[in-house]
Structure formats: structure tokens, C-alpha cells
Number of protein chains: 2
Amino acid sequence: MSAGAEHHVVIVGAGFGGLEAARNLASAPVRITMIDRRNHHLFQPLLYQVATASLPTSEIAWPIRFLLRGHKNVTTLLGTVTGVERDGKRVLLDGEPPIAFDTLILATGARHAYFGHDEWEPYAPGVKTLEDATRIRRRILSAFEQAEWETDEARRAEWLTFVIIGAGPTGVEIAGTIAELARDTLRGDFRNFDTRSARVVLVEAGPRILAGFTEDLSAYAARALERLGVEVRLGQAVSQCRADGVELGGAFLPARTILWAAGVAASPAAEWLEAPADRAGRVRVEPDLSVPGQPDIFVVGDTAFVAGADGKPVPGVAPAAKQEGHYVAKLIKARLQGKPSAAPFVYKNAGNLATIGKRAAIVDFGWIKLRGRLAWWIWGIAHIFFLIGLRNRLAVALNWLWIYVSGHRSARLITQRDPGRAPPD
Amino acid sequence: MSAGAEHHVVIVGAGFGGLEAARNLASAPVRITMIDRRNHHLFQPLLYQVATASLPTSEIAWPIRFLLRGHKNVTTLLGTVTGVERDGKRVLLDGEPPIAFDTLILATGARHAYFGHDEWEPYAPGVKTLEDATRIRRRILSAFEQAEWETDEARRAEWLTFVIIGAGPTGVEIAGTIAELARDTLRGDFRNFDTRSARVVLVEAGPRILAGFTEDLSAYAARALERLGVEVRLGQAVSQCRADGVELGGAFLPARTILWAAGVAASPAAEWLEAPADRAGRVRVEPDLSVPGQPDIFVVGDTAFVAGADGKPVPGVAPAAKQEGHYVAKLIKARLQGKPSAAPFVYKNAGNLATIGKRAAIVDFGWIKLRGRLAWWIWGIAHIFFLIGLRNRLAVALNWLWIYVSGHRSARLITQRDPGRAPPD
């Protein structure tokens, strides 16, 4: 590895990990190229709020090149990476010439996964991108619109049944927010039915919701959801998703809106690198986050598999990706200063948070566990604090305050397609 | 026309005219059905700000049923009207049973028109809907992204040339804002070129811009545009639009982004009614805005052709549509009280406003004409004042203040498609 201003670091993906790496390399004697197939960094932890019409798209996404504009050694390019030449040390792109690198950081993230049932995707969309979120928002709002037309009670009930598959933080947050939409926000907007008659069903194959939390916090969260009117169904695996409902352990549940929050698969980085991967497709990296046999290629974030201090894999959450991006930047800087060996990456768990509607949340910092309204405020402040731009923090805070006080939601837009009889995409 | 609570008024279209009619009929002894093919009312005068990344979509659009939630005699339905049975007095819908009416108000608006050249639409999109606006935003932002990749100077110049066809208020506003994007907002975000090298060309077939204003105001506006760096080309008709440029009076101007602001055509209401229409397809209504021979069918807004007091047609602007909606509601209420004859509709011109970037505007109230910074403040305050919800007024004001102070724009999102080499849709 040669030092000097010409050392070229290519970063693929401007999520939490890639962006953190770029920022921490900004003062180093390197030239950086940041490549992303989207022009915006996305604050994914709040994406479910776009999907449920609580926040507009522009308040959780910012142009990558705007975020990096102050770092003059960073060039941002909008492009789609299609592969990596490991030996030639070049990144391959769709429709553009390859780009050579000295060091490569792959931070290409994850998509939702259907465990071998990709044919379910049209019926049960997941929420990983802005487009996913506006699609889900369109589905949810269109279902209420269809219910207003419907004269047949059974068919109306189908339009008013929302099934969320997977009770991790995203599934719980979506279920809670749809329940609030039906109970508060939309109440009074329809003439032919009571929006409170909507059913929100949260389905989980495992024995409890929010399995990443302790049993008592997860039991509390389940009770909080039920108080909002959400039906929590545990130990039920989905065997079929269709346009008109889901099959749960043999029984059929008619529902016109099905949302998927049950699992993720890594980006194809492991395939590009022909590197060892775990079952979710994550690259099994070395303790210094480099690819086995490729010391100049690093993988960070949701597409990397690395064991934490406790032997358990580091979770696919924003703080972990940021810590990994930070670690790799530091390691590269040390190498350029002639210090090639590095201490292994150590994940520091900053705490675990999940929210249930606009009144309750659970927080687990390890040394203290909280639940209820105080936890909700901690959750809200933490999320606003970690939002990137100052202005967006203000805007999101204003939006939430507005929803909190008025119960109204500002972003109830059905866009992109004229909705017909069927749920539009 | 029979009076009583069962009298059923159907309104098609929840733009300014339809919404105003519904609100003014809310206290009358009628049952109202509002049908729109979108779920949101759009504040069209600010749509160009979404197209130029200054405002997010959710700040100029609100759910129709939310706006009408307090009026218990109004049912809102999301649906697409496909025709009208004049004699059977029913509205025909796509995929839903027909709806019978006692009185019908058609407020179905207008689309941009290409004067017999619909094949130009893919190359020169217009701006009438939220989708139009996000499409144009995507095109503008993607062009700068492509320029960052381009190594050939001539090709880069094509990506950095923006042609706006038509110099009415919308064309002028778009041209001024793109010039500001290039001069201020995006400056410093790119590494391979200076965004200030972008060319913004405003093309007008007529002899001057903003022909609806007096000659001195329109000359002032042209100078203000040129100060922003916009090239104003007068007396040049477009003879061809292509993916790589426009043909203007025989000469070819290479440009990768072409925007259409040159003309509108009315909705097909005249065809539905088999009613007399003008060249733009607007229904030639009676002085009381009813359809000739159909006293129970009214047409208001951009899809109606009616002469003002001065003999000139009432312009297709928001205040005119609102006045027409208000007039029709009053007329219907009078008829229900047994007062069938009405004074003809009279348009009151409340003033004419147009803005050029964020420093200059022109205002013509008839009795006084203003230009420059004071006019800009009047324009801004008037628009914020007429925005519907209080919260949105605050949010828009905040956004503008932010742009004004910082030069940043908050809504620079490329959404819906992965942009490749060609401008995506």
C-alpha cells in the first residue's frame, strides 16, 4: 500500500457506514470517490414514518454530495456498481468505465428478503428505500379509499385488514402507526365506515415480538400494541402471500394490504468478491473488516458478517455500520502512516430502542432498561439528535410535535399511479 | 330542480374551483359527492417549486378528504370519471358503478398541451401534477449528475443546458429557479465542473415574456432573468423536440433537459357533454356558468370558457376558478330557495403576480404596479396566505426562509428510478 496524496479510496454506498468512512478520511492524504446508485443518503430508522404518512420523504433523505460538499478530496458519483475486479483492483459500473482503486470499502447494505419466496414481493412489499416507503404509503391510503367505495361488508373488511409480517422493530413500528392512523388520524375523514373498525394484525413466526430485547420489555411492547388495537399473533409462520390475503399455519386471513418486515439479505458484495458468506449473503470478514486474502478491500455495515466481543454477530443497525466505517477509516489512515497492524474491530452496543405508536417505547442500554412514555421521549430525542442536518432535525421535531398535538399527519399523499380497483404500485 | 336534503350535488375535481364550490355548499340542504382521481388537492401555483427542488411534495398538497372532513354532508371518493350521461343525469366512472346527480359541477382542470405535437412529451415534460414535478426534478438533478461523469466538454455542455419553452409565469419561474440552483445551491457540490457554467435558455414564440403583464413590467422581468444568467430568446418558435436538443427556427440547440411551459388544453369535459368548446377544448358556458341547454350542469375553472366584463376570456388562474366555484355554489343555494334567475358571473381580477428567482417579482394590481424586492415579498406573503392549512403556511414559510438565508434547498431527491445514462423518468 503506497502512501501519498494519490492514494485512491473508493467507497461504494453512502449509507451510515460508507458516509462515516468518507467523513473520517476527509482529512487524510487520500483521494476519495464515493459511488452510490441513489443521489441521497437515507435515514433508514425513520423510513417507516414515510411509509405511514407521518414524515415527508425529504425530511429523512439528503443529497450525498451535499453532505460531502465540504470535503474537497471527495468526489461523489451517481452510478450502479455491478462487480469488482479483485486482482485488477477496479470497480465495474453499469454504463460507465471501470474505476481503479488502491483501497476499496464496500458498504452496499441489505434488501428485504423472502426466504426463497420472491414471488411474494408484489403482494407483501418491504421497506428499505424511499420508493418502497411511498409504495407502502400508497397501498395503505388506497386501501382506506377502496373501503369508502365498497358496499359489501365482507369485502370492505378485507380492505380494512392490514397484515404486517415480522415483529422486529420495523414491523412493530409500522403496526403501531397504522393502528394510530385508523384510530386517530383518519377518523372523521370517511363517511361510509368507521376507520376504527380497521384490523391491524402483526404476525411473528417466533415465540415473541422484538426478540432482540429482554422478555419483559418485549412483553410490555406486546401489551402496548394490543392497547392500540393491534392483534399480535405469535408462533405463526406465513405459508402463502396473495393479493387477497395470507395463509398462516393452514388458516387463510383475508387482507388487501400485506407488508413485509420479516428478514433481510445482504447486497451481492460477496458474489462480486467470490468471498465466503453467511446464509444471509453477508461477507465473512476478518477481525479488521477486510476481506480474507484481500487486505485492501473492506466490507462494512449490513453486508458484512463479523462477530462481536460476546461471540454474537454484530447486528445490522445504523450505529454498528457507523462504528465499522469509522474503524476502517482509522485503519487506512494508520496504514498510510506506516502502521500496518490494527487491533480488531470491537462493537460497542450503544443501546437498543423501539417505539410503539406515539406514546410508548422500550429502551435497553444494558445498564438500564426503560419503557413507556419516558422511553418514548428518549427514543424521539435520540432519533432527532442523530438526524444529519440541523434543519432536518428542526423540521422532523416540528412534524412530530404537530402529530403529537393534533393527531394529523402531513404526508398523506398517494402519488405515482392513478389508483384503480386493485392496490396500485 | 327539487329542493330538500336529498338534493344531490356531484362535484368532479377538487382543484381550486371544485373545492370552493364544495365548501360553499357545505351549509346548504344538499348531499355532496366530491370525486377526484387523486387523493390530494394541489396548490398548483407553487408546483414549479417542487419541480426545482425548493419545496417537498407534501407542503403543497393535502388529502381532499382531510380538507373536507368537517363538512358532514360531503362524501369524498377517489375515482376516475370517464363520462357524463346528460339525459340520465349520471356520472360514469372507471371500475365503479355510475353515480346519479341532481346538479353536477365539472371542475376537471387542464393539462399541458403540445399543439398537435404530443410526440414531444417524453422529451419536454410539462408541469401540472405532483408526478410531473418530481419527474422534472429528477431530470434536472440527474443532468447535473451526468455532467459530473462526463469527460467530453461538448457532451458535458449538453447536460448543462436547460431549455424552457414558453415564457408565461411558470416558464419564467422555472427558468429563474434553475439559474439559482446552478449559481448558488449546487455550487461547491461538484468536483469536475463549475455548476455556474450551466446555461438556462428561456424560449418564447411571442415578442415578449409574461405577455399577461404590461410592457414595462415584462421588460423588467426579462432584465431580472438576464441578471440571473438566463438567456431569453423571443420570437423563436420550437419546430422540433428531441432527446438531445431542440430546433428553434431552423437552428439546433443541443440540450439534455427540455421543459414545456407553453400551453394547456382543457380536460375532456366538453366531449363528455357534447358541448360547444373553444380551441383549447374549454366548454363555452352560459353567463351563469351552466352548460348550454343543461341548466343543472355547471363547468368551472380551467375547463370553462367564459368572457369577463372587458370581453376578454377569464384567465385560467386559481383566483378565477375559486370565484367561479363560489358563484355556482351561491346560485345552487338560491335555486333551492326558489330563486331560479341569477346575475351573470363577473370576474374580479385580484391582481397579477409573477416571480423571478428569490429576489425579484412583478405585481400588477391594476391601480398599482410594483417590481423588485418589495414585489417579491408581496408575492411570497400572498402565496403563503393562500396556502390552505395553517401548518403548511408555517412549513412553507420556514422552507423559504431557510433557502433565502442559506441558499440550500431541502428537496433535492432523485426518486422512482435508478438513473442510468439517459435521463430517467
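Leaving aside neighbours within four places in sequence, with which residues is A:Ile165 in contact? They are A:Ala124, A:Val203, A:Val238, A:Ile258, A:Leu259, A:Trp260, A:Ala261 and A:Ala262, where contact requires C-beta atoms, placed from the backbone, within 7 Å. This is a predicted model, in which local features need pLDDT of at least 70 and side-chain atom pairs count only at pLDDT 80 or more, while totals for chains, interfaces and linings use all residues. Residues are numbered from 1 along each chain as its sequence is written, and chains are lettered from A and ligands numbered from 1 in the order in which they are written.

**Chain A overall**
- Chain A contains 11 helices and 25 strands, which are DSSP runs numbered from the N terminus (helices: H or I, at least four residues; strands: E, at least two).
- The C-alpha trace of chain A spans about 70 × 50 × 45 Å along its principal axes.
- Of the 425 residues in chain A, 51% are buried (20 or more other C-beta atoms within 10 Å of the residue's own).
- Among chain A contacts between residues at least 6 apart in sequence, 64% join residues at least 24 apart.

**Nonpolar core**
- The largest nonpolar core has 272 residues (buried Ala, Val, Leu, Ile, Met, Phe, Trp, Tyr and Cys joined through C-beta atoms within 7 Å).
- A:Ile165, A:Ala221, B:Ile165 and B:Ala221 touch the most other members of this core.

**Helix packing in chain B**
- Helix H1 (residues 16–25) of chain B packs against helix H9 (residues 318–336) of chain B at an angle of about 35 degrees, with their axes 7 Å apart (lines fitted to C-alpha atoms over the stretch in contact, with angles from 0 to 180 degrees between N-to-C directions).
- Residues of H1(B) in this contact include B:Phe16 and B:Leu25, and those of H9(B) include B:Val328 and B:Ile332.

Terms used. Buried ≥ 20, exposed ≤ 12 C-beta atoms within 10 Å, placed from the backbone. Contact = placed C-beta atoms within 7 Å.
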